[in-house]
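Student: Please put the model up, and I will ask about it piece by piece.

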Amino acid sequence: MVRLKQVSKRYTAGRNRQVEAVRGVDLSVDKGEFVVITGRSGCGKTTLLNLIAGLARPTVGSVFVGGQDIWELRDVQRSFLRNRMFGFVFQYPSLMPSLTVLENALLPTIFFPGDGDAGTRSRANALLETVGLGDKCSMYPRQLSAGQQQRAVIARSLINNPEVLLADEPTSNLDEQTEREVISLFQDVHASSGITVLLVTHASQLVTHGTRLIHMSGGEISSDNRHGTSEKGVRPIELIKND
Amino acid sequence: MNLAKLALRNIAHKSVRSAVVVTCAALVSGLTLATEMLSTGMEKSLELVRDHLGADIMVIPAGNQTAVEQALLMCGPVEVWMPRQVVSQLQDLPGVEVATPQLFLSTMRGASCCSVSDMFMIAFDPATDFTVRPWLKQNLARELRLGEAIGGHYVKIPEDRKNILIYGYEIELVGNLERTGSNLDQSMFFTYETALEIAKLSPMQAERELVIKPDSISAAMVRLSDGASASQVADLIERTISGVVAIENANIFRRQRERLESLTESLATLNIIAWLAAISVVGLITSTALSARHHEIGILQAVGASRLKVILLVEVEGIMLALWGGTIGLALTAYTIFLFRNLIGSLARMPLYYPELGSLLMKCLGILALVTASIGLMTLLPTLRSACQEAGTTMKDK
């Protein structure tokens with residue numbers, strides 16, 4: 001489904017200072033996996049998600065989605081692929097403040113219209129119902145709590161029936177109770193639709209929720225475990241949790 | 001939900017930025033239209049009056065050029081006299097084909113013996129006239145008779161009267177000329193004979209006597225023979241006939257045209273400054289707004305907006321604001337100039353020709369296109385810069 005081949009990403013930070021956020025990463029994610037990516041702040045987790053989604057261009061290496069090198073595509077083709085293949089949940093508030101909750105949920109559909117207005121509208125309503133915001137459709141983001149906003153973002157991320165859900169520290173701004181609700185929502189979505197989930201977090205209590213755990217350090221993948229079993233000679237999951 | 005609706009929501013949400021862009025667009029479009037309407041409107045009026053004079057050379061008493069030109073332009077009162085024999089002297093000069101006399105008269109202000117106040121009137125000699133009669137032919141199939149007048153386009157008989165009362169004399173309005181857009185539209189024309197009749201009866205019928213100096217005229221209009229040089233004949237007139245000034249058609253209203261050029265230059269300078277200031281403000285505000293919108297643009301790209309769609313969205317916002325502001329500025333300017341056109345004309349001491357609706361709309365569309373293109377371009381540059389950054393990088397800036 002998603003494959004990264006010797007991918008590195010360098011940024012210019014400050015006065016010509018080069019920062020290598022991701023170094024020589026090889027990664028393959030299969031359909032239906034629930035991958036939890038952990039690591040300290042600045043270890044390259046967010047950059048890795050951006051590389052997977054084509055929001056950042058690798059300095060070195062290639063990113064394949066569905067067997068296609070996404071940087072061989074034109075911008076509009078890559079945008080279409082992102083629109084149809086990926087759903088995004090960010091760590092910071094990412095709803096458009098000028099749109100209602102329902103309109104925010106419909107946002108991805110305006111760039112590449114598909115099912116027609118009525119079809120997408122009823123799907124958006126159903127998704128908002130699923131995430132518990134059925135009665136908040138006409139409200140604006142400022143009228144919602146942080147947890148409700150994040151649930152609205154999850155509804156938006158699912159509007160185009162994506163195959164991969166990318167979540168970048170989606171619970172970092174939430175209290176424990178809301179965090180549990182949001183994570184439970186991710187698990188429900190994963191269980192019910194078989195969607196592939198890549199969840200970035202530095203919260204140790206979340207690492208047990210996935211089917212696969214990747215730990216990053218210094219821009220590299222330092223461990224990669226499926227169902228708690230050690231692969232490729234990386235450290236056991238318990239050790240990672242204690243980092 | 002579509003891109004235009006999203007643009008509208010963004011405009012409404014970012015009300016301060018929107019208000020600044022709308023104001024800039026309104027200001028530059030309004031100022032441009034005002035400059036265009038004032039300069040071309042006044043120039044057009046000068047041309048119209050000059051064309052309607054219909055003479056190659058106008059001969060008037062020396063020292064009265066400004067007063068006569070001003071009276072012709074603004075149709076205000078003027079009293080200038082020169083001997084009628086000037087006409088025969090002119091007729092004898094080489095290069096002069098026809099010379100015809102004219103009397104410039106005006107009604108009294110606020111007097112009950114005149115049913116219209118401050119009206120400019122021209123009396124002509126039907127036997128020799130070549131300036132007024134051509135217009136009359138188009139509107140009246142016969143010669144004007146004693147006691148009859150033909151009015152400019154806006155001259156009307158007062159509702160409570162059957163005729164127009166001038167110095168107590170009931171003058172019959174037998175027709176109106178087509179609209180010229182100049183102050184001649186509010187003037188009246190009758191024969192020399194009628195003027196003398198009004199003057200003769202005015203001591204008995206009016207509060208004040210209409211005085212026409214015996215054997216005097218206000219001006220003489222000259223038509224040149226084929227091949228004659230206007231400047232040479234004008235020079236000859238001034239050398240041969242004492243106490244007169246001969247003004248070639250091309251030089252009529254020269255002072256007014258010079259004043260108009262100076263006014264247009266000032267307005268154009270003001271216009272350029274306003275354009276530069278407004279465009280800079282729009283560029284700056286768009287650039288600042290886009291810096292603040294990096295995060296939003298990153299999210300749009302993350303949910304599938306291509307660079308082109310992002311650019312299109314920001315451009316649509318800019319163009320909508322430019323169109324609104326431009327339309328408001330143009331409508332307000334056109335309406336204000338329409339309301340105050342007479343006042344503007346009085347202040348500038350030149351009549352202001354208000355354009356026909358079609359011509360005004362064409363001007364407005366042109367200016368609107370220019371304003372929209374300018375604001376669109378100023379929006380495009382920072383948008384291109386922002387949209388061409390990696391979404392991942394712009395979102396990291398958050």
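Student: Is α9(B) mostly covered or mostly open, and how many of its residues are buried?

Tutor: This is a predicted model, in which local features need pLDDT of at least 70 and side-chain atom pairs count only at pLDDT 80 or more, while totals for chains, interfaces and linings use all residues. Residues are numbered from 1 along each chain as its sequence is written, and chains are lettered from A and ligands numbered from 1 in the order in which they are written. A residue is buried if 20 or more other C-beta atoms, placed from the backbone, lie within 10 Å of its own, exposed if 12 or fewer, and partly exposed in between. The buried residues of α9(B) include B:E296, B:I297 and B:G298, and the helix is mostly covered, with a buried count of seven of nine.

Student: Which residue with a positive phi follows α9(B)?

Tutor: Helices (H or I, at least four residues) and strands (E, at least two) are DSSP runs, numbered from the N terminus. After α9(B) comes a residue whose phi is near 115°, namely B:G304.

Student: Which helix supplies the largest share of the side of chain B that touches chain A?

Tutor: Two residues are in contact if their C-beta atoms, placed from the backbone, lie within 7 Å. The contact takes 24 residues from chain B and 28 residues from chain A. On the chain B side, α1 (3-13), α9 (294-302), α10 (307-339) and α13 (391-396) each supply at least two residues. The largest share, six residues, belongs to α1(B).

Student: How are α2(B) and α10(B) oriented to each other?

Tutor: Helix α2 (residues 15-53) of chain B packs against α10(B) with axes 7 Å apart and an angle of about 40°. Axes are lines fitted to C-alpha atoms, for helices over the stretch in contact, and angles run from 0 to 180 degrees between N-to-C directions. Angles under 35 degrees count as roughly parallel, over 145 as roughly antiparallel, 65 to 115 as roughly perpendicular and the rest as oblique. The two helices α2(B) and α10(B) are therefore oblique.

Student: Is A:Q6 buried or exposed?

Tutor: A:Q6 lies in strand β1 (residues 2-13) of chain A. Its phi is near 50°, a positive value in a residue other than glycine. With 12 other C-beta atoms within 10 Å, A:Q6 is exposed.

Student: And A:E169, buried or exposed?

Tutor: A:E169 is not a glycine, yet has a positive phi of about 45°. A:E169 sits in the loop between β7 (164-168) and α6 (176-193) of chain A. With 21 C-beta neighbours inside 10 Å, A:E169 counts as buried.
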